[in-house]
Amino acid sequence: MKTQEIVQKLWNLCNVLRDDGITYHQYVTELTYILFLKMMKETSQEAVIPEQYRWDELASKDGVELMRYYRQLLLDLGADGKGKVKLIYANASTNITAPANLKKIVSSIDALDWYSAKEEGLGGLYEGLLEKNANEKKSGAGQYFTPRPLINAMVRLIDPKPGERCSDPAAGTFGFMIAADQHVRSQTDNNYELSERDAKFQRKHAFTGCELVQDTHRLALMNAMLHGMEGEILLGDSLSTLGKTMGNMDVILTNPPFGTKKGGERPTRDDLTFATSNKQLNFLQHIYRALKPNGRARAAVVLPDNVLFQDGDGQKIRADLMDKCNLRTILRLPTGIFYAPGVKTNVLFFTRGETDKGNTKEVWFYDMRTNMPNFGKRTPFEERYFDGFVAAYTSEDRAKVQDERWSVFTREQIRDKGDNLDLGLIADESLSSYDNLPDPIESAEDAIVKLGEAMALLEEVVRELKVAGGPDE
């Protein structure tokens, strides 16, 4: 049985829980609690779990006894477990209320073809579940999951090396770091070809991150563990004082959360030069400050359009970025590739300089947004769409690249535009091209999502007006 078939069987078990009112995201979290025990048995790592809470004990129980046992298991492993076990079960509770449903899930998991799953890799199986959850619009989990083709392209171009410290300050389910680890392994014949000491560094220290949401944090821990990665994944906010401990990095790959901090408050850090309520601008400051100032440390970060043109602190932060770093490239991404289809995003690629002034001489732009297909279920977003960009990005002489999507602006030109980086888009012919007409079904879904976002934004504005003593209407 192939991994995809196992993933589908596990995903179909969600139907069992509908009567309990469990959401897709709750289901994946619930599944993680149960899968962890099974996978520890399958990988001969049950020693980390107390004997009374190992898989065979869980599978042997039924009815009300099973339900009572399972609740106690979650409580005790979260309170008294050791190491990663305690972190994965921290504050764990079950949303399952019917013993028959719990028994059905346990029995179904026990009956899967685990020999094949291990042959293909348990990490791939778990990532398949996470991707299923992210692609399900009702789950709301897409905010923690960056499309795999985008992750692969970013990792490939940043090209992490053995011995480098890599981090994701908005780790989600740890997808960037897992891809970075796989990239390094692929460059070294899958065994690093390193000394025992260096191999230990790669396993335990090379890939780290931080995630704010506890349920997502436990998914990240599980994902890393199943990929043989033991680096620290902090539970907390990179924009708090915790973020001050996450510096001296060689590589940062990340897709920070979009939006403003609740209530419009500033980050609780005192080391960011420009205080703003815009989370993306604060993450951007954190990222370029966290890179080693050695002329080689580099980052690729997904950011929404507003970061490119916001006035005030936004303008100052962009200028600071271009002083401290060589902002090599901005990739204008297609719309519709994230869980909120209307959000327009970009990838900024930059390298920290050895000094803090004058590092950016020119910025290259690649327009992957204009005159592109309307991505969705009927037109999936695939890695092949990056071919033109990768060719331009890696060219030895960028000026000789013949691609209408590829353009350059000098630092002086950007300064004359008020450090506005909302540049590099070509003429939009999509309205006259049948191939680029939006899918009416997906467009309707997108309209609903956009309406919900607009209402949420309006509510936040009203709240802030009231806090500021403004009008009630």
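Which helix holds both E42 and K38, and how many residues apart are they? Both lie in helix α2 (residues 24-42), four residues apart, or about one turn of the helix. Helices here are DSSP runs of H or I of at least four residues, strands are E runs of at least two, and both are numbered from the N terminus.

The model is predicted, so local features need pLDDT of at least 70, side-chain atom pairs count only at pLDDT 80 or more, and totals for chains, interfaces and linings use all residues. Residues are numbered from 1 along each chain as its sequence is written, and side-chain values use heavy atoms, without hydrogens and water. The protein chain averages a pLDDT of 85 (the predictor's confidence in each residue, from 0 to 100).

The whole structure contains 23 salt bridges (a side-chain nitrogen of Lys or Arg within 4 Å of a carboxyl oxygen of Asp or Glu). One of them joins E42 to K38, with the closest N and O atoms 3.0 Å apart. E42 counts as buried at 18% relative accessibility (buried is under 20% relative accessible area, exposed over 50%, partly exposed in between; 1.4 Å probe, protein chains only). K38 is buried at 3%.

E164 pairs with R298 at 2.8 Å between the closest N and O atoms. E164 sits in the loop between α9 (148-158) and β1 (166-168) and R298 in strand β5 (residues 298-304), so the pair ties together parts 134 residues apart in sequence. Both E164 and R298 are buried.

Nine of the 12 residues of α15 are buried, so this helix is largely enclosed by the rest of the structure. Among them are G314, I317 and R318.
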